[in-house]
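Subject: Structure handover

Hello,

Here is the structure for your files. My notes follow below it.

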Amino acid sequence: SQGPAVPDSLLLLAGTRIIYDRKFLLECKNSPVARTPPCCLPQIPGVTCLAQSSLVKLEELKEQNESEEAMPGEQPRHTAP
């Protein structure tokens with residue numbers, strides 16, 4: 001009896017390179033594990049999470065949009081390209 005089927009691209013011997021085929025990598029992309037960040041991932045502002053300044057800017061833009069929506073009758077300003 002043989003063991004579980006393992007793709008040749010996953011077999012690793014000392015000093016060899018692992019080569020993944022396109023189909024395998026595309027399947028990994030849709031895996032739930034690929035869509036979940038690692039549990040021990042450090043929180044680095046601007047790298048692994050939004051920078052604090054970005055959060056402040058988002059809040060300011062949200063407040064600005066809400067205040068513009070609250071003032072009917074004013075036309076939005078458009079700048080020429």
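Leu25 counts as partly exposed because its relative accessibility is 45%; the class runs between buried (under 20% relative accessible area) and exposed (over 50%), with a 1.4 Å probe and protein chains only. Leu25 sits in helix α1, residues 22–29. Helices here are DSSP runs of H or I with at least four residues, strands are runs of E with at least two, and numbering starts at the N terminus.

Two notes on the source. This is a predicted model, where local features need pLDDT of at least 70, side-chain atom pairs count only at pLDDT 80 or more, and totals for chains, interfaces and linings use all residues. Residues are numbered from 1 along each chain as its sequence is written, and side-chain values use heavy atoms, leaving out hydrogens and water.

Overall picture: the protein has two helices and zero strands. Of its 81 residues, 2% are buried. Its accessible surface is about 8100 Å², and carbon and sulfur atoms hold 59% of that. Areas come from the Shrake-Rupley method with a 1.4 Å probe; for residues, only the protein chains shown count as cover.

Patch members have over 30% relative accessible area and no salt bridge; nonpolar side chains (Val, Leu, Ile, Met, Phe, Trp, Tyr) are joined within 5 Å, like charges within 9 Å.

The whole structure gives one aromatic pair. Tyr20 and Phe24 are stacked, because their ring centres lie 5.5 Å apart and their planes meet at 15°. Rings of Phe, Tyr and Trp (its six-membered ring) pair with centres within 6.5 Å; planes under 30 degrees apart are stacked, over 60 edge-to-face, the rest tilted. Tyr20 is partly exposed at 36%. Phe24 is partly exposed too, at 24%.

The search also finds one salt bridge, meaning a side-chain nitrogen of Lys or Arg within 4 Å of a carboxyl oxygen of Asp or Glu. Lys23 pairs with Glu27, with the closest N and O atoms 3.6 Å apart. They are four residues apart in helix α1, so about one helical turn separates them. Lys23 is exposed at 58%, while Glu27 is partly exposed at 46%.

Last, the negative patch on the surface: Glu59, Glu60, Glu63, Glu66, Glu68 and Glu69. Glu63 belongs to helix α2, residues 52–70.

Best regards

Notes
Lys and Arg count as positive and Asp and Glu as negative; His and the chain ends are not counted. The place of a charge is taken as NZ of Lys, CZ of Arg, CG of Asp or CD of Glu.
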